[in-house]
Amino acid sequence: MREELHGEHRLRRVLGPLQLTSLGIGAIIGTGIFVLTGQAAHDKAGPSLMLSFVVAGMACVFAALCYAEFAAMVPVAGSAYAYSYATLGELPAWIIGWDLVLEYAVGAATVAHGWSHYFQDFIGIFGVELPRELRSAPFDYKPALGELVSTGAILDLPAILVTIAVTVILLKGIRESATLNAVMVALKLAVVLFVIVVGAFHVDPDNWRPFAPFGLAGLSFFGHTILGETGKGGEPLGMLAGAATIFFAYIGFDSVSTHAEEAKHPQRDLPTGIVASLVICTLLYVSVAAILTGMVPYTELSIDAPVSDAFARVGLPWAQFIISLGAVAGITSVLLVLMLSQPRVLLAMARDGLLPRRFFGSVHPVFKTPWKSTLLTGFVVATLSALLPLRILAELVNIGTLLAFLFVCAAVLIMRRTAPDAARPFRVPLYPLTPILGIVICLLLMFSLPTENWLRLAAWLLLGFAIYFGYSRKHSAMAASPSR
């Protein structure tokens with residue numbers, strides 16, 4: 001796999017540890033903290049959302065350490081796909097690569113949706129309002145009713161426009177994208193710290209009671225709740241269910257590993273970027289969850305723009321401008337990193353022949369970016385974000401990401417047995433406990449998602465199998481190998 005690092009299709013090494021950490025923070029802090037905190041607290045966990053972030057963060061810590069070991073061993077584009085290909089073989093690698101397509105494309109659509117809500121909140125400060133038909137997806141899911149309802153809209157226009165703008169930026173190159181991301185990361189971190197410091201003076205401890213209105217459980221097994229309460233739509237409720245929902249907030253640290261081929265010193269810088277971005281963001285998440293649920297009763301939190309709305313409710317409408325501006329910039333950086341990562345996974349799959357090389361493996365001769373797959377990613381993200389609601393998109397991303405993390409943890413166990421003497425610049429601490437705990441917690445959170453998510457995942461994987469056996473298996477590098 002290291003031969004990919006040479007030749008005309010290789011990417012440019014320009015990223016250092018600070019840029020990689022910035023990319024990780026850029027991908028993590030965004031829609032999760034500015035939007036999904038309201039939904040998860042309101043619908044699933046109440047103030048116990050603070051513990052939900054801790055549980056979800058634990059799953060990410062274990063997975064992050066496993067990612068770091070592989071990223072240092074296999075410093076090429078492709079993230080979990082590349083690691084699975086090197087350890088588990090072609091079919092498991094295809095499954096995880098196909099799953100990463102779900103994670104990044106649908107994740108970017110979810111982020112674009114969140115960006116749209118805050119952008120509309122921002123322009124609303126100046127009395128500007130979009131026509132109702134262009135404000136959101138045409139339908140939404142209402143947990144209180146347990147059914148889909150019409151919103152009266154046709155499509156989410158702001159989500160489409162921001163996706164187009166980010167696509168154009170990404171076509172220019174990784175250096176320009178990383179520089180823009182660093183500026184936006186600095187801005188949104190300043191806003192997050194503003195929320196924590198200023199919001200702390202307006203916390204009412206009474207709002208934290210009851211701390212866990214739906215309980216500390218919320219565990220289900222393929223849609224059947226086995227521990228905890230159940231909502232009107234049959235979905236599990238409780239702290240664990242909240243952790244499964246806000247797990248989306250942590251998506252991003254793994255995207256650092258997709259840029260291994262563009263890192264100056266991948267064996268040293270990738271583990272640093274992955275772990276540092278995850279630790280920083282976990283501390284910020286727990287703090288913001290405590291502030292929001294302390295400022296406003298969880299039943300009154302806004303679903304679309306909870307942070308700015310909470311400050312308006314406690315008599316600080318002037319803060320709405322600062323928060324909305326920071327949220328728009330912050331969520332833009334998440335969209336930037338997710339859409340930056342998707343084409344690189346497709347590039348890695350194309351190099352192995354699992355996708356058409358002439359399209360997905362095409363690197364622009366001047367910009368040195370996978371330009372064709374970047375354009376395709378932009379089209380798919382714009383379409384999904386314009387037509388599908390936030391709740392459906394977020395939960396679909398969660399189950400796909402948890403499956404990817406599970407595969408990486410399992411791959412560490414397998415690789416330690418099949419290649420014990422391989423060079424490992426970074427080694428997972430407390431082996432084998434760390435990868436085993438990563439697998440267990442990921443499964444626990446996957447089982448805490450509603451049945452519909454399993455059905456959507458199954459449908460997505462069936463489509464992937466059809467493509468693999470219809471095209472990929474016949475054109476893969478392994479198929480061309482005489483030893484196969």
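A charge is said to sit over a ring if NZ of Lys or CZ of Arg is within 6 Å of the ring centre and within 35 degrees of the ring normal. The model is predicted, with local features needing pLDDT of at least 70 and side-chain atom pairs counted only at pLDDT 80 or more, while totals for chains, interfaces and linings use all residues. Residues are numbered from 1 along each chain as its sequence is written, and side-chain values use heavy atoms, with hydrogens and water left out.

**View 1. Arg416 and the ring of Tyr431.** The charged end of Arg416 sits over the Tyr431 ring, 4.2 Å from the ring centre.

**View 2. The whole protein, for orientation.** The protein comes to 17 helices and six strands; helices (H or I, at least four residues) and strands (E, at least two) are DSSP runs, numbered from the N terminus. Of its 484 residues, 61% count as buried. Buried means under 20% relative accessible area, exposed means over 50%, and partly exposed lies in between (1.4 Å probe, protein chains only). Contact means heavy atoms within 4.5 Å. Among contacts with a separation of 6 or more, 80% come from residues 24 or more positions apart.

View 3. Met295 counts as buried because its relative accessible area is 6%. Leaving aside residues up to four places away in sequence, Met295 touches Gly199, His202, Val203, Asn207, Ala310, Phe311 and Val314. Gly199 is 96 residues from Met295 in sequence, yet their C-alpha atoms are 7.1 Å apart in space. Two of the residues touched by Met295, Ala310 and Phe311, are among the buried residues of α10, together with Pro306, Val307 and Ser308. Just after α10, Gly315 takes a positive phi of about 90°.

**View 4. Aromatic pairs.** The structure holds 18 aromatic pairs. One of them is Phe122 with Phe126, an edge-to-face pair at 5.5 Å centre to centre with 75° between the planes. Rings of Phe, Tyr and Trp (its six-membered ring) pair if their centres lie within 6.5 Å; planes under 30 degrees apart count as stacked, over 60 as edge-to-face and the rest as tilted. Phe122 is buried because its relative accessible area is 17%, whereas Phe126 counts as exposed at 54%. Phe465 and Phe469 form a tilted pair, 6.4 Å centre to centre and 35° between the planes. Both lie in helix α16 (residues 451-475), four residues apart, about one turn of the helix. Phe465 is partly exposed at 29% relative accessible area, and Phe469 is partly exposed at 46%. Ring pairs link Phe465 and Phe469 with Trp94, Trp98, Trp460 and Tyr468 into a cluster.

**View 5. The largest pocket and its lining.** A pocket is an open set of points on a 1 Å grid over the protein atoms alone where a 1.4 Å probe fits, with protein on both sides within 12 Å along at least five of seven lines; lining residues have an atom within 4 Å of a point. The largest pocket holds about 630 Å³ of space, a volume being the space filled by probe spheres set on the points, which are joined across faces, edges and corners. Its lining has 27 residues, and those nearest the pocket centre are His117, Gln120, Arg135, Ser136 and Asp304. At least two lining residues come from each of α5 (90-124), β1 (139-142), α10 (306-313) and α14 (390-418). The most come from α5, with six. By class, the lining has 10 nonpolar residues (Ala, Val, Leu, Ile, Met, Phe, Trp, Tyr, Cys and Pro), nine charged (Asp, Glu, Lys and Arg) and eight polar (the others, Gly among them).
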